[in-house]
Amino acid sequence: MKKSTKIWLTILASVISIVHFIPFYVLLTTASKERGDFSSKWFFPDQINWSNFSEAWEKANLGSALFNTTTITFFSALVLIFIGSLAAYPLARRQTKLNKMVYFFFISIMIIPPLAALVPLYQLVVDIGMMNTRTIAVLNNVASYLPLTIFLYAGFIRSTVPKELEEAARIDGAGTMNIFFRVIFPLLKPITATILIISCVYIWNDFQFAIFFLQDKSVQTMTVALSSFFGENTNNLQLVGAAALIAMAPMVTLFLILQKSFIKGLAAGAVKG
Amino acid sequence: MAGKLDKLKKKTNSDKSSLWWMYLPALLLISFFIVYPFLDGIRISLTNWNGFSQSYEFIGLDNYKRMLQDPNTWLVLRNTLLYGVGSTIFQNVIGLLYALLLNQSIRMKAVARTIIYLPVIISPLIMGYIWYFFFAYQGGAFNDVLIWLGFERMNLLGNPDANIWIIVMVNTFQFVGVAMIIYLAGLQSISTEYYEAANIDGASRFQQFKNITLPLLMPSVTINMVINIIGGLKLFDVIISLTNGGPGMASQSMSTYMYNLYFSRQDAGYAATQGVLMMVVILIISFSALVYFRSKEVEA
């Protein structure tokens, strides 16, 4: 490449980066203004009004929301990885007629948009008395990400885990459970990391399920708390901005630290969308 | 007893056993929380249920007739298609251009990649609020620029002709990073030998792009098209935070319409009917997209 072309392309990449940063810049200026300061969002105030953050934290109930989001994400990911890896193993290794059918069933479920079944799902949750519980959020999230998890685990076991290892363990007299947890599961670390990233990002950011099943203040997640806070504060956007920054901070921090694994993991999960 | 145990052990350890108990929990969860509601939705769509009362009647296909006569059905279907198709086109074109640019050995490419990708990990709801600060009629950053340049401020979010495209743009902005990464991976998997051979033959850069890059990139195109269109058709969070479906019905999608029918108007039977329609539309479109783009893939 000619040197001048290279310089032009670098300038182009810089301009694109700046354009993509603009909304975040506007978020930062918005969140730092005082109440009643309606000056342009292109400029920071002379003094950053840090009290927006504490005020938003209290008024939007973000402490409890953070706890709920963290708990739901943690347990969903835990259950997802346990049940998902367990399910993928026989589907990857035992090509019986039944298993082929079950695998096809799991894969086809991936195309069903969970929101399309909102009305009956809502009724089901009311019927089993689990409205406004963190448990139902965990179960719903696990069910909707299980097909993708099984798909990724099964593919990984087929392509990278050598069969000989299991056979050796079997000759030594180890039972299936033993083989799975002692021999197979430790080898699944790379794909487990991918699945953790995908499920944590999606479940942390979930709004579609949470808005229906977690309306009560005590179980609200970050997104639900933020949406009701926005409704109450359309004239106090500085507070909404501060709350939005608090809500996205944990994920953004994780992303900046583990950027490579995030990008790789989410690309693998994008197959589902 | 011991003999029986041995036999059992042999049976579960042999390759012929399905080990079905290992996927039983997954099967039960999915059946209970996805398959059952999906089937039950079809049943509810045949009733006049209001969402909370114990009694309701089966009214046959009345909800489906109503759906066909409801002008809102066509409005939200049109909007949903605009969200789906619009986002897909923009995300793919811009994503591919970004990938071609950031595949060059230039400075800034790591920084650009991070910034472009960042919105992917942020909740679409929050992303909607952030863009609300940008486009708001009162005090929005965009209108400040218009005023500085001597124009009137514009109510873009309240304008039915504009806000659909704003939503498409915000959705594109948020997820163009995914398309970019998938195209980057696709570009890096193309062997440089093809380009060397083309250079010897004297092919121009554009010819190389058209005859080598694009055909070999088709698998990435398939993945991107399918995930973008499904994502666009399901759009919900961004609409809620940017326009709440308004003004009136103007920017509602199938999912926000269904949400309103159920929670604001207690019209559960009809909401379920709209859910069935949404399901059918998503299935048909994503399946056709998949088949169409698969047929365009070449063996690398």
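This is a predicted model: local features need pLDDT of at least 70, side-chain atom pairs count only at pLDDT 80 or more; totals for chains, interfaces and linings use all residues.
Residues are numbered from 1 along each chain as its sequence is written, chains are lettered from A in the order in which they are written, and side-chain values use heavy atoms, with hydrogens and water left out.

**Fold of chain B**

I counted 14 helices and zero strands in chain B, taking both as DSSP runs numbered from the N terminus (helices H or I of at least four residues, strands E of at least two). The radius of gyration of chain B is 25 Å, well over the 19 Å that the globule rule gives for 300 residues, so chain B is more spread out than a compact globule; the radius is taken over C-alpha atoms, and the rule is 2.2 Å times the number of residues to the power 0.38. Along the principal axes, the C-alpha atoms of chain B fill a box of roughly 70 × 70 × 35 Å. I also looked up contacts (heavy atoms within 4.5 Å), and of those in chain B with a separation of 6 or more, 67% join residues 24 or more positions apart.

**Interface with chain A**

The contact draws 93 residues from chain A and 89 residues from chain B. The buried area between the two chains is about 8200 Å², with carbon and sulfur atoms giving 79% of it; this is the accessible area (1.4 Å probe) that two parts lose on being put together, summed over both.

I then searched the interface for salt bridges, defined as a side-chain nitrogen of Lys or Arg within 4 Å of a carboxyl oxygen of Asp or Glu, and the rule finds zero. For polar contacts the count is 13 residue pairs, both residues at pLDDT 80 or more; such a contact is a pair of N or O atoms within 3.5 Å, where within protein one must be able to donate a hydrogen and the other to accept it, and residues adjacent in sequence count only if both atoms are side-chain atoms. Helix α1 (residues 3-31) of chain A gives the most to the side that touches chain B, with 16 residues.

**Helix α7 of chain B**

Just after α7(B), B:Gly150 takes a positive phi of about 90°.

**Two buried polar side chains**

B:Ser253 sits in the loop between α12 (237-242) and α13 (254-263) of chain B and counts as buried at 0% relative accessibility. A polar atom of its side chain lies 3.1 Å from the backbone oxygen of B:Leu235.

B:Asn63, in helix α3 (residues 62-69) of chain B, is buried with a relative accessible area of 5%. Its side chain reaches the backbone oxygen of B:Ser45 at 2.9 Å. Not counting residues up to four places away in sequence, B:Asn63 touches several others, including B:Ile44, B:Gly269, B:Tyr270 and B:Thr273.

Terms used. Buried means under 20% relative accessible area, exposed over 50%, partly exposed in between (1.4 Å probe, protein chains only).
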